[in-house]
Amino acid sequence: MKVILTADVAKLGNRGTLVEVSEGYARNYLLPRGLAVEATAGRLKELDLEKKRREKKENQELENARRQAARLDGAVVKIATRAGETGKLFGSVTNKEIAEAIKNTFQISLDRRKIDLKEPIKALGSYEVTLKLHPTVQAHLRVQVVAEGS
């Protein structure tokens, strides 16, 4: 019997997958628990349309990430913060502050979790930061941390 999975099922497949299972497994386990629906012609069309929609959305996200990477790769962002005379910061610069600086400078909203910062910046200077915009797209940004008022 052919069924379309409505949820991820271990050792069988992921959501939205068309699988062939035994009649008893489908009728006694998958269908009553809502883990699958019977594969009819109409549902197969819906599955195909959903797959096309998902591919289109993924392509748009990839294209958007590439455009952002082109704008941000090699760019410089300045962050002014309070620092002592030795160049040590009062506090630190985290990926949240870097995301805000990118938004203010380039008008690009970026999730702070996409900024790969090994540890918070605790001294004045220039630092290289990797932005993971998409699983296949990365950009490198230079962050200059300067003392307030300079």
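## Helix α2 across β8 and β9

Helix α2 lies across β8 and β9 (137–147), and runs at about 40° to β9. Contact here means heavy atoms within 4.5 Å. The angle is taken between N-to-C directions on a scale from 0 to 180 degrees, with axes as lines fitted to C-alpha atoms, for helices over the stretch in contact. Helices (H or I, at least four residues) and strands (E, at least two) are DSSP runs, numbered from the N terminus.

A word on the model itself: it is predicted, so to speak of local features requires pLDDT of at least 70, and side-chain atom pairs count only at pLDDT 80 or more, while totals for chains, interfaces and linings use all residues. Residues are numbered from 1 along each chain as its sequence is written, and side-chain values use heavy atoms, with hydrogens and water left out.

## Two domains

The domain assignment of the chain gives domain 1 (2–61) and domain 2 (67–147); such bounds come from an automatic or database domain assignment. Between the C-alpha centres of domain 1 and domain 2 there are 42 Å.

## The three-stranded sheet

Let's take the sheet of β1, β2 and β3. Its three strands form an open sheet in the order β2-β1-β3, with antiparallel pairing. Two strands are said to pair if DSSP finds at least two bridges between them. At the edges are β2 (18–20) and β3 (36–38), each of which pairs on one side only. On average, neighbouring strands of this sheet are turned by 40° against each other, direction ignored.

Strand β1 (residues 2–5) and β2 pair in the antiparallel sense over three bridges. Within this part of the sheet, Ile4 stands opposite Leu18 in β2.

## The four-stranded sheet

Now for the sheet that holds β8 and β9. Four strands form an open sheet in the order β4-β9-β8-β6, and the pairing is mixed. The edge strands, each pairing on one side only, are β4 (76–81) and β6 (115–116). The parallel pairing is that of β4 and β9, over six bridges, where Lys78 has Gln144 in β9 as its bridge partner.

Strands β8 and β9 run antiparallel and are joined by nine bridges, and a hairpin links β8 to β9 through two residues. Here Ser126 stands opposite Gln144 in β9, while the bridge partner of Gly125 in β9 is Val145.

Helix α3 (residues 95–106) lies across β4, β6, β8 and β9, running at about 120° to β4.

## The largest pocket

The largest pocket has a volume of about 210 Å³. Grid points are joined across faces, edges and corners, and a volume is the space filled by probe spheres set on the points.

Its lining is made up of Ile4, Leu5, Thr6, Arg15, Gly16, Val37, Arg43, Glu46, Leu47, Glu50 and Arg54. Both β1 and α2 supply at least two residues each, and the largest share, five residues, comes from α2. By type, the lining divides into four nonpolar, two polar and five charged residues. In this scheme Ala, Val, Leu, Ile, Met, Phe, Trp, Tyr, Cys and Pro count as nonpolar, Asp, Glu, Lys and Arg as charged, and the others, Gly among them, as polar.

## The second largest pocket

The second largest pocket has a volume of about 160 Å³. Lining it are Glu61, Asn64, Ala65, Gln68, Ser109, Leu110, Asp111, Lys114, Leu133, His134 and Pro135. The elements that give two or more residues to this lining are α2 and β8 (125–134). Helix α2 gives the most, with four residues. The lining residues divide into four nonpolar, four polar and three charged.

How values were computed:
1 Å grid on protein atoms, 1.4 Å probe; cavity = no way out; pocket = protein on both sides within 12 Å on 5 of 7 lines; lining within 4 Å.
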